[in-house]
Amino acid sequence: MKICVFGAGAVGSNVAVRLASAGVGEISIVARGPHLAAIRAHGLSLRHIDGEQWHAHFDHATDDPSTLPPQDIVLVALKAASVPAQADALRQLLAPDGVVAFLSNGIPWWWNYGWNKGSGALPLLDPDGALWNRLGPERALGTVIYSANEVEAPGHALHRGVNRYIFGEPDGSLPGRAGRLAELFSSAGLGGETTADIRYEIWRKLLRNAVGGPFCALTRLASAHCSQIPGLADIQRGVALEVANIARMLGAPITDEHALGAVNTQLASNGRPSMLQDVLLGRRIEVDALLGQPQRFGQELGIASPYLDTVVALLRGVDQALAQAAQK
């Protein structure tokens with residue numbers, strides 16, 4: 001079996017090392033820059049915060065996916081905004097019966113596939129329809145991730161806490177492909193599961209993302225320190241309740257208890273969400289998949305969301321500032 005991890009950031013590094021260490025197939029990795037150079041020279045090291053360590057070398061490590069043979073499974077571990085530009089590369093990389101799973105947070109670009117409440121590409125997430133029209137949503141497999149990771153240095157990644165990866169078919173069909181991928185992940189110690197309702201699981205995880213990373217990014221504080229700012233938790237609750245209401249209006253069985261539970265989980269966390277890591281490293285942040293698309297859903301439904309509107313506007317300002325700084 002040929003498996004490609006497309007994007008060797010924090011999540012991709014964790015997955016690639018664990019799959020390679022388990023010997024589940026021929027593992028290739030698509031990376032870039034100093035991280036790729038280190039992987040080619042010395043392999044990729046992963047350590048758990050509790051001390052366990054893994055080290056792996058790969059069958060192929062490249063920044064040019066066109067050099068790889070056709071892949072049975074492609075695991076895309078890129079930020080959502082970076083994915084549309086890779087539509088042709090992903091299409092060419094997949095074997096005829098290959099499947100592509102997107103290991104990212106938030107609303108996915110394939111959301112309207114096999115669903116009776118929308119159709120076609122989502123302009124915020126797939127602006128020119130490249131993924132929808134050239135890759136095709138039928139090739140995609142839905143994924144929800146519970147796994148905290150960081151790249152500590154080129155060739156070195158850190159894993160914090162648990163590994164839990166939930167796979168599901170976008171059209172809600174029987175989890176044949178999802179089941180095979182869940183078994184593969186479980187065999188590598190990555191906690192694979194399946195669901196018949198991947199959109200419900202996406203909303204559940206999105207609630208946690210919505211009240212975590214954005215607030216850490218805006219304050220530049222880790223989760224534990226955010227929770228100490230007077231009044232901030234009230235804003236987090238406001239965002240969570242608005243997102244839950246939008247999800248319900250779209251047919252997901254998301255309750256206010258789910259929303260408030262996500263806030264409580266975040267307030268008790270001591271993590272460094274990926275959005276905070278991006279801000280501290282001067283990288284652009286993921287706004288639309290996490291909050292922009294839920295906001296757009298709400299606007300299309302005529303649902304007022306003042307908390308969400310405010311946070312999205314602030315995050316877009318931060319993202320614009322990061323983009324301008326990167327051009328200097």
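Guide: A cavity is a set of grid points where a 1.4 Å probe fits but cannot get out. The model shown here is predicted. The space in its largest cavity is about 120 Å³.

Visitor: How many cavities of 30 Å³ or more does the structure hold?

Guide: The structure holds three of them.

Visitor: Which residues lie nearest the centre of the largest cavity, and how does its lining divide by class?

Guide: The lining of the largest cavity comprises 13 residues, and A80, S104, I107, P108 and W109 are those nearest its centre. By class, this lining has 10 nonpolar and three polar residues, with no charged residue.

Visitor: What is the volume of the second largest cavity, and which residues line it?

Guide: The second largest cavity holds about 50 Å³ of space. Its lining is formed by S104, N105, G106, T143, V144, E201, I202, K205, L206 and N209. Here the classes are three nonpolar, five polar and two charged residues.

Visitor: Which element gives the most to that lining?

Guide: Helix α6 gives the most to the lining of the second largest cavity, with five residues. Both β8 (140–153) and α6 supply at least two residues each.

Visitor: Which element has the largest share of the lining of the second largest pocket, and how do the residues divide by class?

Guide: Strand β7 has the largest share, with five residues. The lining of the second largest pocket divides into seven nonpolar, one polar and four charged residues.

Visitor: Let us turn to helix packing. At what angle do α6 and α10 cross?

Guide: A crossing angle is taken between the N-to-C directions of two axes. The axes of α6 (residues 198–210) and α10 (residues 256–267) cross at roughly 45° and come within 8 Å. That angle makes α6 oblique to α10. The crossing of α6 with α10 is right-handed.

Visitor: Which residues meet where α6 contacts α10?

Guide: From α6 come Y200, R204, L207 and R208, which meet H258, A259, A262, T265 and Q266 of α10. This contact has four nonpolar, three polar and two charged residues.

Visitor: At what angle do α9 and α10 cross, and which residues make the contact?

Guide: The axes of α9 (residues 232–249) and α10 cross at roughly 145° and come within 8 Å. The α9 side of the contact is A233, Q236, R237, A240, L241, A244 and R248, and the α10 side is D256, A259, L260, V263, Q266 and L267. By class, eight of these residues are nonpolar, two polar and three charged. As for handedness, α9 passes α10 in a right-handed crossing.

Visitor: A last point concerns the backbone. Where does R220 lie, and what is its phi?

Guide: Most residues other than glycine have a negative phi. In R220, a residue other than glycine, phi is positive, near 60°. R220 lies in the loop between α7 (213–219) and α8 (223–226).

Note on methods: Residues numbered from 1 in each chain as written. Predicted model: local features only at pLDDT ≥ 70, side-chain atom pairs only at ≥ 80, totals over all residues. Heavy atoms only, no water. Axes fitted to C-alpha atoms, helices over the stretch in contact; angles between N-to-C directions. Helix = DSSP H or I, 4+ residues; strand = E, 2+ residues; numbered from the N terminus. Parallel < 35°, antiparallel > 145°, perpendicular 65-115°, else oblique. Left-handed = near helix turned anticlockwise from the far one by under 90°. Contact = heavy atoms within 4.5 Å. Nonpolar A, V, L, I, M, F, W, Y, C, P; charged D, E, K, R; others polar. 1 Å grid on protein atoms, 1.4 Å probe; cavity = no way out; pocket = protein on both sides within 12 Å on 5 of 7 lines; lining within 4 Å. Points joined across faces, edges and corners; volume = space filled by probe spheres on them.
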